Amino acid sequence: MKNIKKYLLILFLFSSISFCQESQFDIRKANWGMNTYQVINSENNAPSDSITSTTGRSIIIYKSSINNISCDIGYIFIKNQLTRVKYIFNNEHSNKNEFIDDYKNIRELLIKKYGTPVKNETIWKNDLFKKDYDQWGTAISIGHLGYFSTWENNKTYIICYLNGDNYEIKFGIEYSSIKLKDLEDSISNKKVMDEL
């Protein structure tokens, strides 16, 4: 009986430690609500750019790469609180179908980290190229086809997307704080009201 209790106690301690390690950060080495100074200190490099608006929104941008795909990472702050992080992939391909492979590779990495997506969608707005797989990259670039996968946990909403318009492909991941969504919405709503 003593051995069973000892074993259960050890098992509990290890599971608690691993749980704490997994949930230590909300995104990268940062947590929602951190200020700009804390986020800058969490990164290994200096930011490549920063943007501040009069509405209380600011963005700190880093250059990086994920799985050999170059990207810009934007930390978005509302009233100096981290509310959102965007990865914007900026790789180029002569064959636009290769973006689909990139999307699938990044989505698989997200599945390994966050589990099965809540939604995994392939959306055709116009099926002109639907039967010609070789043209799917073109279909994405003109807005006919889009890929979207979403995850959600108790703190974070995540969307990985591949879509486009006007022959330009948009590929990225967006992480947003569930708790601070109202703060972000209030800034967006204020901006709209100020424009009326």
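Is K86 buried, exposed or partly exposed? K86 is partly exposed, with a relative accessible area of 29%, where buried stands for under 20% relative accessible area, exposed for over 50% and partly exposed for what lies in between (1.4 Å probe, protein chains only).

The model shown here is predicted, so local features need pLDDT of at least 70 and side-chain atom pairs count only at pLDDT 80 or more, while totals for chains, interfaces and linings use all residues. Residues are numbered from 1 along each chain as its sequence is written, and side-chain values use heavy atoms, with hydrogens and water left out.

**View A. The salt bridge between K86 and E174**. The closest N and O atoms of E174 and K86 are 3.6 Å apart, and the term salt bridge is used for a side-chain nitrogen of Lys or Arg within 4 Å of a carboxyl oxygen of Asp or Glu. This pair links distant parts of the chain, with E174 in strand β8 (residues 168-177) and K86 in strand β4 (residues 81-89), 88 residues apart; helices (H or I, at least four residues) and strands (E, at least two) are DSSP runs, numbered from the N terminus. E174 counts as buried at 15% relative accessibility, and a network of salt bridges links R84, K86 and E174.

**View B. Two further salt bridges, R28 with E43** **and R107 with E108**. The structure holds 6 salt bridges, and in one of them the side chains of R28 and E43 meet at 2.8 Å, N to O. Because R28 lies in the loop between α1 (2-22) and α2 (36-42) and E43 in the loop between α2 and β1 (49-52), the pair ties together parts that are 15 residues apart in sequence. R28 counts as partly exposed at 29% relative accessibility, whereas E43, at 13%, counts as buried. In the salt bridge of E108 with R107, the closest N and O atoms are 3.9 Å apart; E108 is partly exposed, with a relative accessible area of 39%, and R107 counts as buried at 15% relative accessibility.

**View C. The aromatic cluster of F89, Y103, Y147 and F171**. The structure holds 8 aromatic pairs, in which rings of Phe, Tyr and Trp (its six-membered ring) have centres within 6.5 Å, and planes under 30 degrees apart count as stacked, over 60 as edge-to-face and the rest as tilted. Y103 and Y147 form a tilted pair, 5.3 Å centre to centre with 40° between the planes. Y103 belongs to helix α3 (residues 98-114) and Y147 to strand β6 (residues 145-152), so the pair ties together parts that are 44 residues apart in sequence. Both Y103 and Y147 are buried.

**View D. The lining of the second largest pocket**. A pocket is, on a 1 Å grid over the protein atoms alone, an open set of points where a 1.4 Å probe fits, with protein on both sides within 12 Å along at least five of seven lines, and lining residues have an atom within 4 Å of a point. The second largest pocket holds about 190 Å³ of space, a volume being the space filled by probe spheres set on the points, which are joined across faces, edges and corners. Among the lining residues are I27, R28, Y87, K113 and Y175, and α3 gives the most to the lining, with 5 residues.
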